[in-house]
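Let's take a look at how two protein chains sit against each other. Here is the model to keep in view while you read.

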Amino acid sequence: MTKNSTVSKVLEKEYKYGFLTQIESEKIPKGINEDIIRLISKKKKEPEFLLDFRLKAYKQWKMMDEPKWADLNYPDIDYQDIIYYSAPKGIEKKKSLDEVDPEILETFDKLGIPLNEQKRLSNVAVDAVFDSVSIATTFKEKLAEDGVIFCSISEAVEEYPDLVKQYLGKVVPINDNFFAALNSAVFSDGSFVYIPKGVECPMELSSYFRINSGDTGQFERTLIIAEERSSVSYLEGCTAPMFDTNTLHAAVVELIALDDASIKYSTVQNWYAGDKNGVGGIYNFVTKRGQCKGKRSKISWSQVETGSSITWKYPSCILQGEDSTGEFYSVALTNNKQIADTGTKMIHIGKNTKSTIISKGISAGHSKNTYRGKVHIGSKAIGAKNYSQCDSLLIGDDAEANTYPYLHSKQIKSNIEHEASTSKISEDQLFYLRSRGISNEEAISMMVSGFCRDVFNELPMEFASEADSLLGLKLEGTVG
Amino acid sequence: MKKICYPTWIDSIPVNCGLFRQTQILAREQLKTNGIPKKSFEAWRLTNSALLTEFLKHPLYSNNKKLQLKNIPDSRKSSVKLSFNIEGRFEASIGNGIERLNEQEIKLYLSENSTSSNKTYDFNKTINEASNNNLIGFRVKGKEKQSLEIAILASLNELIPTRIIIIVEEGSNIDILQIIEGSNSVSHSHIIEIHVGDSATVKHGIVSIGKDSSKLLASILVRQKKHSNYSLSCIQKGWSMSRFEKEIVQLYGNAKTTLQGLQIAKQKQELATHSLVKFNGPNGYLEQIQKSILDDESHSIFQGMIEVPKIAQKTEASQLSKNLLLSSKAKVDTSPQLKIIADDVKCNHGATISQLSNEEIFYLQSRGINTKQANELLINAFCNDIIKNIPIEVNQSACQTHLAKLTEK
Amino acid sequence: MNQKKIILEIKDLCGGIEGKDILNGVNLKVYEGEIHALMGRNGSGKSTLSKMIAGHPEYTITSGEIIFRNKDLTQLDPEERSNIGVFLGFQYPIEIPGVKNIDFLRVAVNERRKILQKSELDTFEFEEWIEEKLKIVKMDKDFLERGVNEGFSGGEKKRNEILQMALLEPEVSILDETDSGLDIDALRIVAAGINKLHSNESATILITHYQRLLNEIKPDFVHIMKNGEIIKTGGKELAIELEQKGYETFQNPFNESKE
């Protein structure tokens, strides 16, 4: 008993991003219909093709049913009670950082993402998204020297409509699933990245998403294109204030890697998770998919999921190009009444495609943590290989850990290997650490960190330590 | 308008006036409402429903109530053989320590385990109850090791529903050998329910071999009490479609379960195993391995769920699915699943899908063995750890005949 | 000559695990600068005694005292015991995958340094400092980058234990069958390490089955344990006698109890 309470003490850390920024926002009326979609499109001064895209998606969405997963209950979402567009007032005329409301700049400062020239991180370019709009993108000019485009998706629509038209909705079709269709209809902003042929992106790119208003859904859209022989590492972080109502976040992320290109996409997700009794928090229903279109291309997803009251998220790889590689590294920590249902899909289409899945779930409190993953080896994927490892750590006897892998193979010359285990922190390991003078609390932290090590090793340096402290673990130097 | 499924066929089933009347009426209603399970049910997602509909097209064999008992030659003293003969009758011989359940006991049993208590639609149980006019029950007693052989061999173009209940009393010990065969377009619907009492031991082997376009739906329901030990080795080969649903519940934990399965498929056969093991108490133990070998255009399905609720602390469970692809047109779906709420447990599962190892073949070849022989040796080795746990002692000669069929091409 | 100070005193210690009594009144006094050898068959209570001194939560003390430097240990958490200078070298050091050896060692050392009122070592200082200590057990730096004992051979695990002893600079070290599972070279390395770390201000208790460790480390006292008691104490000649005659000679009429 005492042990369990120490463990939960370790895991329980106040949500320090829960503050609300007082700012005047321009919101459109609640609800969704064709007029609303036209209004969003008009506000963003979008070309015709995009409005068509949105309307088509909306038509599809209307005909679709909200997915009802087995053993998961949450109150019905009233889609007419959501505001689909909210932007800080006067945002349209922003040209430089000086014109951005200081309140907002301060908000990002507080979140540890300083945007202004003096304070900003020297090796990371940041696109900061506040509610429905992108506020600022740093290092744009510097990146442009190498031909790298990094901007908000709205800006990309204006400046590079051909690229957007060519790739948007190609990896995640508008009718892919209920939430992807909704996103396609109403997406407001997000990031756009284009790495030209042969360019290794000179710095880490990063987007930071902040939901500020309580009644607004966030529907961001990210599109990353890596041309032949290019490479990029992209980070994504997110937080929200504490509200006692649930806020919907339904993002779509599309990645395209051409011959010999490589994309590394890392997420540290720390949306507000609701309180101890599961009141409030973000519904995080996200579609993320990468297409390894080119030969020898590589897409790697890493994620640390600690927030949100409900998370559904399966960052996937379509391994189309010969010798392409897909990777998925995930740590999901749930506490109190959180639900995380996450995993990946590795679809092997091309010859000699390889995928690796490492998933670490930690469930504490009354939470439910599920790994749901699919490995599909198609009939042409000669020489395809998959290795999956899914481990769960249970803390306290009210937490639930589920492992649902679906493995499918149609190819004789292929290999799938899946391993999974569920365990708790061993008393003997705990005693060993304590007998070397390490306190109970710290010993547990160390072991949780150690449990996640394989995944932390995959995170970019800048995020690795943040991820560690996110887990509520103060241990320094374990990572990196 | 509510759609009624297969009304003509369902109404053509002979009506029974006796013991089973009530369950039959209920089951027929269910069948009319639900028909063939929908693809949207996770458990039926991968099943070829065209093959399922054939179950509801066959004529039924005529009613039988008569039972004959026989001794098995050349086996242990207390052995019983229950066999399904050509006229569609069960024959069984009763030895010491095995008793038939009488009508009263069966009635009591049915009332305690009625279909209506099921939350989800159990297709096999429903067609079985809708069409079956018989249920054979045994009680196993005493300390001496018992043997029971159940042979269901059929070659008619019929639906053959069979249902058996075995109650193994406290401290008893029994080997059960089941042989199920089918040829032509026989469709079996088989249910066996085994209640394993405190400290009782059951070693259960099933050799099921189909030919032609024969099909088999089988449900194995096991309830284990404390300190009991249940082991199952189950082999499926050659059915155009076979599906074993295994549901094992450790009622109070503190028991040991071993499940082994082997699916050998070729041509366009579809062989499936769906298992659920649930621990309703602490200190349970499970070891499960499911293997499949696939040739030609065959399809193997495995879905295995292990449920460890909060009450089941100190459970140890392991589950492994191993699949061997021999042809480029065969396909495998496997999904070993864990659902765990207790924190003081050790559970793991694993799955592999692969082909025969080139290195192993090369090693054998370098010792002068040709490719064909090497393949055979490796395939046999793959099967052997399942086959070796079939309780052949029950009826050695019958076992040998049937097991020999496994290696037939 | 200065009066030697007592470091560890065990008084009438009784207790066991899961309700089973294993120790039936152990008495032992250990002074500064001494090396004690504790011998006895499996199940005689040697490991139980060591676990109780280190404070394993599954072992219960029913009566008796463990006094370290005039302080009763029995109420302290395992980490507190370690911090003040009590060290247990495990018979079977457990593997902790994922937790990097060097991180673990640095945290452990800094906790000890707090008590010794020394400054904490940062990553770089620690790496420098540990390099010296690695030489004592002839360990490669690579071991530091691996998980705690993860995939270590038997000998490597035992050397890692001695490395920890070297780093933590304990005042009393109980080494539980540190010699078991070691080949002759590894045994020499481990024994040399223990000899090097032994000082006039600290004490060492060796738990062992065999004389061979005692050829390398010369004990001042040898105790024979049986049924949860120390039944005989002598000098190093007792170990030789034991080697020749076996434990049977020291049979006493009580039943064997299991550890």
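Start with the charged pairs: there are 3 salt bridges between chain A and chain B. Keep in mind that this is a predicted model. One of those salt bridges links Lys424(A) to Asp344(B), and their closest N and O atoms sit 3.7 Å apart. Polar contacts show up too, with 15 residue pairs found across the interface of chain A and chain B, counting pairs where both residues are at pLDDT 80 or more.

So much for the pairs; which elements of chain A give two or more residues to the side that touches chain B? They are strand E23 (400–409) and strand E24 (415–423). E23(A) supplies the largest share of that side, namely 10 residues.

What kinds of residues make up the side of chain A that touches chain B?

| Residue kind, chain A side | Number of residues |
|---|---|
| Nonpolar | 10 residues |
| Polar | 13 residues |

Now zoom out to the whole contact. Chain A puts in 32 residues, and chain B puts in 35 residues. For chain A and chain B, about 2800 Å² is buried between them, and 47% of it lies on carbon and sulfur atoms.

Technical notes:
Residues numbered from 1 in each chain as written. Chains lettered and ligands numbered in written order. Predicted model: local features only at pLDDT ≥ 70, side-chain atom pairs only at ≥ 80, totals over all residues. Heavy atoms only, no water. Contact = heavy atoms within 4.5 Å. Buried area = accessible area lost by both parts, 1.4 Å probe. Salt bridge = Lys/Arg side-chain N within 4 Å of Asp/Glu carboxyl O. Polar contact = N/O pair within 3.5 Å; in protein donor to acceptor, adjacent residues only side chain to side chain. Helix = DSSP H or I, 4+ residues; strand = E, 2+ residues; numbered from the N terminus. Nonpolar A, V, L, I, M, F, W, Y, C, P; charged D, E, K, R; others polar.
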